[in-house]
Amino acid sequence: MEEDKGTVCVTGGTGFIASWLIKRLLEEGYSVRTTIRPDPENKRDLSFLTGLPGAAEKLEIFTADLSDPLSFDAAIEGSKGVFHVATPVDFENKEPGEVVTERAISGTLGMLEIRNSEESCVHF
Ligand SMILES: NC(=O)c1ccc[n+]([C@@H]2O[C@H](COP(=O)([O-])OP(=O)(O)OC[C@H]3O[C@@H](n4cnc5c(N)ncnc54)[C@H](OP(=O)(O)O)[C@@H]3O)[C@@H](O)[C@H]2O)c1
């Protein structure tokens, strides 16, 4: 594990891209704040994140949902950069593609409008 390189935020930590990104960032010496969707019954198994090397010391998990862009604020606050990879993915085609896309765009724009700051934002 390398020296502390500062804190970054990765949204959607349960996702494929985000979880690999978190692993690599921890390995590279970053402290990571990630977001997951609210889980009122606390039923999600997050051990694939909490069990990562360095996670006990350097990974913080927050709850946030794109339908409420403000909910990302706590995780983003104080981070030197944001990897915004949380996005609705509808593998079963339950909703029209336009609806899913609109949700992703409006959530992302909402986050940017709220912050409107010097922080760097990477959106895949
Ligand atoms: N996978 C690839 O090979 C690949 C390649 C190139 C680009 N990308 C892009 O990278 C991005 C992430 O892809 P992925 O494969 O990592 O997708 P994924 O595994 O489905 O992850 C999506 C993440 O977004 C979260 N999410 C979904 N709806 C949300 C909402 N309303 N509010 C907050 N979070 C929400 C999911 O949370 P839950 O776990 O609660 O559902 C999950 O953590 C996408 O834009 C994709 O197009 C992916």
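A residue is called buried when its relative accessible area is under 20%, exposed when it is over 50%, and partly exposed in between, with a 1.4 Å probe and protein chains only. By this rule Glu95, at 31% relative accessibility, counts as partly exposed. The structure is a predicted model, in which local features need pLDDT of at least 70 and side-chain atom pairs count only at pLDDT 80 or more, while totals for chains, interfaces and linings use all residues. Residues are numbered from 1 along each chain as its sequence is written, and side-chain values use heavy atoms, with hydrogens and water left out.

In soluble globular proteins, nonpolar side chains tend to be buried together. A nonpolar core is defined here as a set of buried Ala, Val, Leu, Ile, Met, Phe, Trp, Tyr and Cys residues joined through side-chain atoms within 4.5 Å. The largest such core in this model has 13 residues, and those with the most contacts inside it are Val10, Ile22, Leu25, Leu26, Val32, Leu52 and Leu59. Strand S1 (7-11) and helix H1 each supply at least two residues of this core, and H1 gives the most, with 5 residues. Helices (H or I, at least four residues) and strands (E, at least two) are DSSP runs, numbered from the N terminus.

Helix H1 (residues 16-27) also contains Trp20. Together with Phe16 and Ile17, Trp20 forms a nonpolar patch on the surface, with about 390 Å² of accessible area for the three together. A patch is made of residues with over 30% relative accessible area and no salt bridge; like charges are joined within 9 Å, and nonpolar side chains (Val, Leu, Ile, Met, Phe, Trp, Tyr) within 5 Å. Accessible areas come from the Shrake-Rupley method with a 1.4 Å probe, and for residues only the protein chains shown count as cover.

Ile17 leads on to the ligand. Of the 16 residues around the ligand, Thr14, Ile17, Arg37, Arg44 and Leu66 come nearest; a residue is near a molecule or strand if one of its heavy atoms lies within 4 Å of it. Leu66 takes part through its backbone, where an N or O atom lies 2.8 Å from a nitrogen atom of the ligand. The protein covers 67% of the 900 Å² of accessible area that the ligand has on its own. Such polar contacts are pairs of N or O atoms within 3.5 Å; within protein, one must be able to donate a hydrogen and the other to accept it, and residues adjacent in sequence count only if both atoms are side-chain atoms.

A polar contact also occurs within the protein. Thr35 lies in strand S2 and is buried, at 1% relative accessibility. A polar atom of the Thr35 side chain is 2.9 Å from the backbone nitrogen of Gly12.

Charged side chains form a further group of interactions. A salt bridge is a side-chain nitrogen of Lys or Arg within 4 Å of a carboxyl oxygen of Asp or Glu, and the whole structure holds 8 of them. One joins Glu60 to Arg33, with the closest N and O atoms 3.4 Å apart. This pair links distant parts of the chain, 27 residues apart: Glu60 is in strand S3 (residues 59-63), and Arg33 is in strand S2 (residues 31-36). Glu60 is partly exposed at 41%, whereas Arg33 is buried at 18%. Glu95 and Arg103 meet at 2.9 Å, N to O, and Arg103 is partly exposed at 33%. Glu41 and Lys43 are bridged at 3.0 Å; Glu41 is exposed at 57%, and Lys43 is exposed at 66%. Lys5, Lys23, Arg24, Glu27 and Glu28 are linked in a network of salt bridges.

Two loop residues complete the picture. Asn42, in the loop between S2 and helix H2 (47-50), has a phi near 55°, a positive value in a residue other than glycine. Asn42 is exposed, with a relative accessible area of 68%. Asn93, in the loop between strand S4 (81-84) and helix H5 (97-115), also has a positive phi of about 55°, and Asn93 is exposed at 63%.
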